[in-house]
Amino acid sequence: MAETANPGTPPAGPQTTGHEWDGIAEYNNPLPRWWLYGLYATIVWAMGYWVLYPAWPLVSGYTGGLLGYSQRAAVLGEVEAVRRERDLRGRAQLASATVAEIRADPALLRLALATGKAAFGDNCAACHGTAATGRIGYPNLQDDDWLWGGTPEEIERTIRYGARSGHGEAHVGDMPAFGRDGVLKRDEIEAAATYVLSLSGKPGIPGASAEKGAEIFAGNCAACHGETATGNPEMGAPNLTDAIWLYGSSPEQVVTTITNGRKGVMPAWEGRLDTATIKSLAVYVHGLGGGK
Amino acid sequence: MPLAEPTQTAPAPRPRPTKKFGSRATRAAIPAENGALYAARRKIQPQAVRGTFRRIKWVLLAVTLCVYYAVPFLRWDRGPGEPSQAVLLDLDRGRFYAFSIELWPQDVTYVMGLLILAALILFLMNAVAGRVWCGYLCPQTVWTDLFLAVERLIEGDRRERLKLDAAPWSMEKIALRTMKHAVWLLIAWWTGGAWVLYFADAPTLVGQLATFQAPAQAYIAILTLTATTYGLAGHMREQVCTYMCPWPRIQASLTDEHAYNILYRDARGEPRVSAKQATALRAAGKPAGDCVDCFACVTACPAGIDIRDGLQMDCIQCGLCVDACDTVMGKLGRPTGLIGYDTEANRRSRAAGGGPVSRIVRPRTILYAVLVAGIGSFMLYHLATRSFTGLSVLHDRNPLFVTLSDGSVRNGYTVRLSNKRPGERHYALAVEGLAGARVEVVGGVPGDLPVPSDATQEFRVLVFAPAGARPDPSVPLTFHLTDVSTGETARAHDTFKAPSP
């Protein structure tokens with residue numbers, strides 16, 4: 001839009017805005033007028049926005065706006081809608097299918113793994129750890145050693161009813177306190193500990209006899225842990241010949257276990273978690289890698 | 001030589017001494033009456049012209065518009081379950097199809113490469129022949145041209161339109177204006193309608209749109225693009241180029257004295273005198289310019305500038321002033337080409353009485369051409385040799401390893417397989433780098449992992465070191481993926497972690 005667009009106008013010299021600072025003037029290159037109207041339009045828009053939407057912070061709170069719109073409420077509404085839709089589709093299927101059926105259906109398996117992962121973080125990680133690796137007294141769920149059985153169905157049952165949880169269907173079976181209850185004497189306990197440790201090639205207590213320990217084992221321990229000490233998942237009796245030690249594998253820890261017994265509690269989750277979540281947890285824990 | 005520099009003043013004598021030809025004064029005097037900071041736009045009513053450049057522009061207009069409106073309807077068979085549209089940007093599934101090429105979101109680097117290529121081609125065009133893009137190919141120019149043609153058809157040429165603008169409202173004026181805006185809106189609506197067809201199966205979407213069953217986004221996009229097309233091509237026009245587009249500014253800093261641009265050959269045109277005076281002057285052996293100051297070039301200009309002021313930012317170099325001037329020169333029996341594609345170096349050489357200089361091949365054009373060729377062939381090579389099988393491996397962050405009951409060590413990985421081809425495929429996964437390692441896949445078999453058509457699939461993979469092995473704390477591990485049917489392979493590297501001894 002040069003001056004020449006209108007040939008009738010004689011050319012003028014450069015115009016300035018009329019502002020001058022220390023002899024420096026500013027050329028006036030006028031903005032198009034519609035641009036100015038655009039600015040006015042945004043101001044009007046802003047005023048409308050202040051009235052209709054949350055805008056101004058107050059001492060405690062903010063101006064809510066006539067429309068009553070809240071981003072937080074909108075997001076929560078969307079989250080709720082998604083949750084309801086998921087419940088309708090996937091979770092209903094999870095609840096009605098058996099664990100084996102879930103594992104056989106790739107789509108359902110993926111849903112169960114995702115659901116189980118989230119539920120594990122919320123409910124199980126407090127004891128078993130965020131990576132399900134457990135700690136002393138709380139089983140590592142990543143490995144292939146299972147006190148109460150490692151098939152998906154057995155895991156589901158353990159989650160549902162727990163162990164020593166007080167639920168009628170819960171796993172039961174205690175490690176007795178052989179020392180505290182006076183069943184075995186200190187040297188007998190040390191002998192038994194030395195024998196048990198020798199099964200996996202670990203050093204025992206100096207001076208204690210593994211042969212004597214073997215006799216004590218056969219008389220007191222084999223009933224639950226088995227003649228070969230490979231354990232019994234019916235009673236939650238661990239395999240004593242492997243590399244996994246729930247309560248530690250140092251001689252002192254083993255002696256403590258025999259002396260005072262062990263009664264780790266896994267709560268029953270039935271009633272606290274719905275069926276779909278429990279099944280998902282079973283599938284997830286099994287899928288961590290150690291499942292049978 | 002920077003573009004902003006005004007062209008040189010022609011030698012005297014000057015019939016119009018008040019007119020400082022080519023001076024900054026003419027540009028700084030944009031209608032700022034009374035020093036107002038805001039000025040109303042002065043409406044431009046370009047005169048129709050005939051000639052070479054007008055013909056070129058008509059052809060390009062027809063070709064580009066046909067391409068734009070027709071491409072969504074081209075079909076391309078990709079097999080069952082795959083879209084059959086030749087060019088499709090499927091936002092839902094995150095796929096872009098262009099004939100035989102299919103791109104995934106992670107192939108966005110091709111888009112980046114194309115943008116770089118486009119910028120370089122723009123630079124090259126600019127270094128060779130100025131604003132070729134602006135003048136002939138830019139959608140703003142093409143649609144404005146189309147809207148102008150409609151306006152001319154309904155309201156008449158420049159003279160009739162100026163008269164109509166000045167005339168009081170009458171039934172005829174209302175009828176003409178209504179018709180013009182209706183046709184504009186129709187074209188604008190069609191433009192928006194064609195746009196959405198690139199994002200969904202075109203025939204299906206046309207049916208849905210017609211029966212009001214299309215998704216709301218489609219209608220919103222059409223309405224938005226109708227509004228922008230109508231506004232930009234019907235009302236904003238040259239203001240888009242002058243105020244909104246950054247390219248004129250960039251172009252100004254990229255050009256040089258050897259770039260061809262639309263130029264007024266002032267050495268030949270000045271001094272401007274009327275045709276009669278020129279004949280008299282020439283008869284008397286005095287200098288007389290060819291420019292008869294008829295303003296045909298100014299009235300023809302869609303940007304509303306005077307090309308005789310020299311190269312300027314508002315000029316989109318559409319060549320219409322060339323056609324206008326050539327027509328006048330033809331009528332006067334003078335040679336054409338008073339305005340034409342020329343270089344600043346040439347102009348100066350002629351003004352100094354020298355011969356033509358032309359340097360199309362110069363470091364600048366060589367550099368741009370080499371870059372365009374290099375990047376273009378690299379992209380083509382990359383596109384031609386890209387893999388259709390993808391493998392990405394992520395080691396478990398926690399735990400890094402698991403000790404099993406027999407004392408052996410296990411590592412867990414999240415593995416994602418990509419099948420970028422239509423049809424379900426089966427892959428075999430193996431690891432290398434750990435002697436005797438065993439691979440397990442949760443819910444699958446390592447030798448036969450199915451991945452659905454044109455999709456990715458995630459698997460949880462477990463790698464076991466053999467019992468009794470004592471691997472180093474960190475062993476490099478290579479994952480090999482093989483397409484069972486084609487033998488195509490993919491590789492990924494990770495590590496196997498074990499407890500410190």
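This is a predicted model: local features need pLDDT of at least 70, side-chain atom pairs count only at pLDDT 80 or more; totals for chains, interfaces and linings use all residues.

Residues are numbered from 1 along each chain as its sequence is written, chains are lettered from A and ligands numbered from 1 in the order written, and side-chain values use heavy atoms, with hydrogens and water left out.

User: What is omega for the cis peptide bond that joins B:E270 and B:P271?

Analyst: Start with the place: B:P271 sits in the loop between helix 12 (266–269) and helix 13 (275–283) of chain B. Helices here are DSSP runs of H or I, at least four residues, and strands are runs of E, at least two, numbered from the N terminus. Most peptide bonds are trans. The one joining B:E270 and B:P271 is cis, with omega about -5°.

User: Which residue does a cis peptide bond join to B:N398?

Analyst: Look in the loop between strand 7 (389–395) and strand 8 (402–403) of chain B. Omega is about 0° for this cis bond, and the partner of B:N398 is B:P399.

User: Is A:R164 buried, partly exposed or exposed?

Analyst: A:R164 isn't a glycine, yet its phi is positive, about 50°. Buried means under 20% relative accessible area, exposed over 50%, and partly exposed in between (1.4 Å probe, protein chains only). A:R164 has 23%, so this residue is partly exposed.

User: What is the phi of B:F99 near?

Analyst: B:F99 lies in the loop between strand 3 (95–98) and strand 4 (101–103) of chain B. Most residues other than glycine have a negative phi. For B:F99 the value is positive, near 55°.
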